[in-house]
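I opened the model today to work through its helices and its chain contact. My entries follow in the order in which I looked things up.

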Amino acid sequence: MLRVISRRLVQLVVTLLALMTLVFFWLRSLPGGPVDALLGERATPQTRELLTRALGYDQPIWVQYGRFLKNVVTGNFGNSIRTGEPVTEVISRAFPATVELAVAAIIIAIGLGVPLGYLAARHRGRLLDNATIIVTLVGISIPIFFLGYLLKDWLTQGLHLFPPSGRISTGMDNTDVTGFFVLDGLLTRELDASADALWHLVLPAVTLATIPLAIIIRITRASVLDVLDEDYIRTADAKGLRNPTIRKRHVLRNALLPVVTIIGLQTGALLAGAVLTEKVYNWGGLGTLITDSIGGSRDYPVLQALILLAAAVFVVVNLLVDLSYAVIDPRVRVR
Amino acid sequence: MRASGKGLRSALAAGTIAVLTIGAAGCAESDRDNGGGEGSASGGTFIFAGAGDPKNFDPIFNDDGESFRPIRQMYDTLITHKPGTAELTGGLAESWENDASGKVWTFKLRQGVKFHDGSPLDAAAVCANFDRWFNMKGEAAQSQMIYYQDVFGGFAGSKDAVYDNCKAQDASTAVVTMTRYKGAFPGAFTLTAFSIASPTAMKQYDSDTVTQNGDSFSYSAFANEHPTGTGAFTFGGWNKATGEITLNKNADYWGDKAKVDKMIIKIIKDENTRKQELRAGTVQAIDYPAPADRKALADEGYKVLDRPAFNILYLGINQKNPKLKDLRVRQAIAYALNRAQLVQTKGPGGAAVADEFLPNTVLGYAQDVQKYEYNVDKAKQLLSEAGATGLTLNFYYPTEVTRPYMPNPQEIFTVLANDLQAAGIKVNGVPRPWNGGFKDDVQQFGKQDLHILGWTGDYNDPGNFVGTFFGRGKVEFGDQAMTEMFDAIGKADATVDQAAKKTAFEQVNRDLAAKWLPAVPIWHAPPALATTKNVEGLVPSPLTAEEFNTVSVTK
């Protein structure tokens, strides 16, 4: 197990290094650099020159690359061009927002998806099953931003059931401990802040959860159907095991393997979905950060760090998924 | 046996989590005020939805509206505008005077004004600000002083520098001497970038230290955490996690004290979301509602407040193309455009056709310039006289952007292009992204024949409009040799006597329309604000320089 993990970590470093190089040169080949984005219409040519020199963009590209590599290896990702803050600070502020959103979405997706998929399989061909299939089809095919705007229009404009955007009500004056607002409210006993943050979390989480939810329902259903046909289920039944035991110990556990794989793969999709969801709900997490740093401002340092982070998260989650196979199904040997 | 083991394990896990949670709950302190910020005599909170993040709160290092909005509430300038107009009036200076040479400016300061840190605003403090700007060290810092470089020409040691020295004649008289006369003054003294900050606070919080780190740099504690001016609001913090800038009422303000106790600028980048928040009642005012939403919002009972227009949208003509060097062809283009209809169909409410490149509130606006009323036949005739029938032009327009003067570039392009086609000019539309395409192609490489672009005025001075576009040879308009135009504008700009300056700029504007026509002015389009019904006293400013001390929120 340890050898597996260490080998994966080495792979991770190599992947990140290659990616970093790619991103560095790709960003700099785009037209319109940060100098233009920063200066706007008022800048005189002298100012433009000053800024180009100050940012070191007048030096040859390999010198810039060398400086960049050196900085990254020493853990220095530079400062955001847009705000002047250290990139690590910018990202660590946005990270909890996205994680909070993603975790909520995953909880909804798994919490509803696995039972619904299981029930659909148990009632194969009946009303519940058909309804589930239709609903998941809609869930997969509806674009996130469209769903987001629909939900907002219905539930926040006429009805005022939920707030239209943001993570917490303006002027809530909540104490920031971990950056996870719901948790922070509990920790500091600011229960109103916690409830308010949860209330803000509902619509974005539902929006983000639709696609993974639909996929999890479908995979669970298919997987349970497969397992139900297996010989060992018949054997278990024949030897007189009680139904709940069969379902829990034999059906569900064996059916979960593909589901877990999918959940791992969905992490990437969740990040992509978060970009759209966060835009619709003015969420202020990593998704918002990505949009901000690509659009107008060309915030290279932030963008570079974000891409690395996304890659690292993806690789680590998939490693965890691989490791979890061994726990769920002892037949699988992780090598 | 196994089942019970499992049960034990889950019980243990649950117990651990519970213990951890309770333990943590004991650790984390709430840092809310317990002073009861919302007392009974409260003026309440005013929540304004801004459209983007500010950069920081040190006025001199900023040049964009989103940074200036909070800065303007916390600082004052020497000269300012009468509310709702572009007319100059005293700010921190009660009065000001320019000597006959135009180089010496004497400011009589208001007495008894204090910065938020309690230090006095006196002539020494004013001079400390001028000296600080002029003596700023380091390329990083200098490169961020965009307005300073533009208006003051350069820094200590530069031969182009406009600033010479500032003397405190007595505690309430500051005398600023320039190396030469510059037409931008006194208008430019109203620029938010030239707000007066507390020298004590700037020293204490290291305002001039702009540190470089790799590809970028960061600002001082003064700029981020301790901005200290004389304004109607004091700084209450910028919560970046929630995108809220809090400003508190300055109870010792020298002017009209704020009616609300607290103002929050909530940053919402998406235009549609800003509108939804307004409708949900979670914010009380939004900037730049989409032109398409104006009517709906007004019908629903929201107040849509138009700012008096202080901007210009123009169709630029690039004379690098030899055909376009012929004045008749440029006039044909002007005649071909049905601008009145464009204003009606695509203009934001309150927009008006522009005949000159500056709004009529600015000095030097001429009442009698040549107008180009829509006339297709005239356009065709001029084209054939010039031997330019069958002309094909590349028309560049920006995408992924809306500007106050240009809410919908794509649609504006379509209408203008159709007009030109109707007059027999073939149009080849070239859409380019605003950053990373349009601005480079148009302003640095001059690839276009035609393009649309515009400008929002910074201060009340004709040089800030006409001079910006046509005061020197620019790639954008292709011709480096229109020296007659450059000279005329340069001369007008250098005229010290205001009456003579007015006459000179009136002539410039007549000649721009009749003789030079380097571009076609399209419209002046006022950007709007929208507020909920219970917001009173918000005065829209043509310069988008609203001050919120007059705003009150009723229940």
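I started from the record: UniProt, in an unreviewed entry, places the feature "transmembrane region" at residues 9-27, 101-121, 133-151, 197-217, 255-276 and 305-328 of chain A. UniProt positions are given in the numbering used here, feature names are shortened, and annotations may be inferred rather than shown by experiment. I noted that this is a predicted model, where local features need pLDDT of at least 70 and side-chain atom pairs count only at pLDDT 80 or more, while totals for chains, interfaces and linings use all residues. Residues are numbered from 1 along each chain as its sequence is written, and chains are lettered from A and ligands numbered from 1 in the order in which they are written.

I checked two of the annotated spans. Residues 197-217 of chain A are 100% helix and 0% strand, with 28 Å between the end C-alpha atoms. Residues 305-328 of chain A are also 100% helix and 0% strand, and here the end C-alpha atoms lie 34 Å apart.

I found 13 helices and 0 strands in chain A. Helices (H or I, at least four residues) and strands (E, at least two) are DSSP runs, numbered from the N terminus. The C-alpha atoms of chain A fill a box of roughly 85 × 55 × 40 Å along the principal axes. Chain A splits into domain 1 (20-73) and domain 2 (91-334); such bounds come from an automatic or database domain assignment. I read 38 Å between the centres of these two domains, taken over C-alpha atoms.

How do H9(A) and H11(A) pack? H9 (residues 191-228) and H11 (residues 243-281) of chain A meet at about 160 degrees, with axes 8 Å apart. Axes are lines fitted to C-alpha atoms, for helices over the stretch in contact, and angles run from 0 to 180 degrees between N-to-C directions. H9(A) is therefore roughly antiparallel to H11(A) (angles over 145 degrees count as such). Their crossing is right-handed, meaning that the near helix is turned clockwise from the far one by less than a right angle. Their contact has 21 nonpolar, 7 polar and no charged residues. Ala, Val, Leu, Ile, Met, Phe, Trp, Tyr, Cys and Pro count as nonpolar, Asp, Glu, Lys and Arg as charged, and the others, Gly among them, as polar.

In the loop between H8 and H9 of chain A I stopped at Arg189(A). Phi of Arg189(A) is positive, near 60 degrees, in a residue other than glycine.

H16 (residues 483-494) and H17 (residues 498-516) of chain B cross at roughly 160 degrees, and their axes come within 9 Å. H16(B) and H17(B) are therefore roughly antiparallel. This crossing is left-handed. Among the residues that meet are Met485(B) and Ile489(B) in H16(B), and Phe505(B) and Trp516(B) in H17(B). By class, the contact has 8 nonpolar, no polar and 3 charged residues.

I also logged a cis peptide bond between Phe185(B) and Pro186(B), with omega about 5 degrees. Pro186(B) lies in the loop between strand S7 (173-178) and helix H6 (199-204) of chain B.

The contact takes 59 residues from chain A and 52 residues from chain B (C-beta atoms, placed from the backbone, within 7 Å). H3(A) gives the most to the side of chain A that touches chain B, with 7 residues. That side has 18 nonpolar, 27 polar and 14 charged residues.

How values were computed: Two residues are in contact if their C-beta atoms, placed from the backbone, lie within 7 Å. Angles under 35 degrees count as roughly parallel, over 145 as roughly antiparallel, 65 to 115 as roughly perpendicular and the rest as oblique.
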